[in-house]
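Subject: Handover of a structure and notes on its contents

Dear colleague,

Please find below the structure that I am handing over to you.

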Amino acid sequence: MIDCHCHLLPGIDDGPKTLEESLPMARILEGFGFVEVHCTPHCIHGLYENTPAIVGERLAELQQALVREGIRLRLKPGMEYYLDSHFPASLERPQLLGDSRLLLVEAPTWAEAGLVLENLRKVVARGYVPLLAHPERWGLLAPPGQGGARHLLSRLLGRGRAGASGELLDELQRMGCLFQGNLGSFAGHYGKDVEKRAWAFLRAGLYSCLGSDSHPRHGLEEMIDTGLRRLHERSEQATELLSAARILS
Ligand SMILES: [Fe+2]
């Protein structure tokens, strides 16, 4: 299995503070059968101003520590870019996901669709492919009401319209964006509405890959366990999505 979204590098975002905090998280991921983990720290202007050089340095240190500890995880670099007005500057020398052309991005909770789309068009214009982190958690894709999973599914399947959120999703797909789901969303970790949207998106075939979005939180192991178990029980796509076969091979 490949984890496409993980805050495992120490001391550079809201992930583990120290190397010693990274190691138990790495052991948990290895224990579930992950063999490759994309380390994707936040890049947020004024808060976590990470660069590819910083990621590369921390990743090499952590990879060495994993080897020393006998933890068999292959680490790949990445970044989770925040789509605010400062984002375009990051496109000068972006940190892509591993050896791919994918750029992992997240929408600020306050962001309007216009700003998000403007930023994503710039990504595409540079020849990169936006990989949208946990779209099920994006307020912009949540129709008014509770969760709106049914409306959204209808829209995805072309059986009706779901208003602005459905149109935004259409536009993102037309642009060539890909979508990464969080294991915790399927475990109900972010609440019922997010969980409903995650299953609706999954059934509609929206996702190309999945990620643990691990942070050093109490309950991390249970979250991953529940997410993986439910995915394997309820979806035939689980194995393929967990290998990220459609986009990374
Ligand atoms: Fe994240």
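The following paragraphs set out what was found.

The structure is a predicted model, in which local features need pLDDT of at least 70, side-chain atom pairs count only at pLDDT 80 or more, and totals for chains, interfaces and linings use all residues. Residues are numbered from 1 along each chain as its sequence is written.

Confidence is the first topic. The mean pLDDT (the predictor's confidence in each residue, from 0 to 100) of the protein is 91, and 91% of its residues reach 70 or more. Over residues 157-162, however, pLDDT stays under 50, and the model has 12 contacts for them beyond four places in sequence; two residues are in contact if their C-beta atoms, placed from the backbone, lie within 7 Å. Where pLDDT is low, the predicted coordinates should not be read in detail.

I turn next to an open sheet. Three strands form it in the order β1-β2-β4, with parallel pairing. Its edge strands are β1 (2-6) and β4 (74-77), each of which pairs on one side only. From one strand to the next, the twist averages 25°. Helices (H or I, at least four residues) and strands (E, at least two) are DSSP runs numbered from the N terminus, and two strands pair if DSSP finds at least two bridges between them. Strand β2 (residues 36-39) is joined to β4 by four bridges in the parallel sense, and glutamate 36 has arginine 74 as its bridge partner in β4. Helix α2 (residues 52-69) lies across β2 and β4 and runs at about 175° to β4; axes are lines fitted to C-alpha atoms, for helices over the stretch in contact, and angles run from 0 to 180 degrees between N-to-C directions.

Another group of strands involves β7. Because four of the five residues of strand β7 (residues 129-133) are buried, β7 is largely enclosed by the rest of the structure. A residue is buried if 20 or more other C-beta atoms lie within 10 Å of its own, exposed if 12 or fewer, and partly exposed in between, with C-beta atoms placed from the backbone. Together, β6, helix α4 (residues 113-125) and β7 make a right-handed β-α-β unit; right-handed means that, with the strands pointing away from the viewer, the path from the first strand over the helix to the second runs clockwise.

Strand β8 (residues 178-182) pairs with β7 over three bridges, also in the parallel sense. Alanine 133 stands opposite glutamine 180 in β8, while leucine 132 has phenylalanine 179 as its bridge partner there. Four of the five residues of β8 are buried. Three bridges join β8 to the parallel strand β9 (residues 209-211), where leucine 210 is the bridge partner of glycine 181.

Two loop residues also deserve mention. Most residues other than glycine have a negative phi. Histidine 134, in the loop between β7 and α5 (149-156), has a positive phi of about 30°, and is buried, with 24 other C-beta atoms within 10 Å. Aspartate 213, in the loop between β9 and α9 (220-234), has a positive phi near 50° and counts as buried, with 26 C-beta neighbours inside 10 Å.

Yours sincerely
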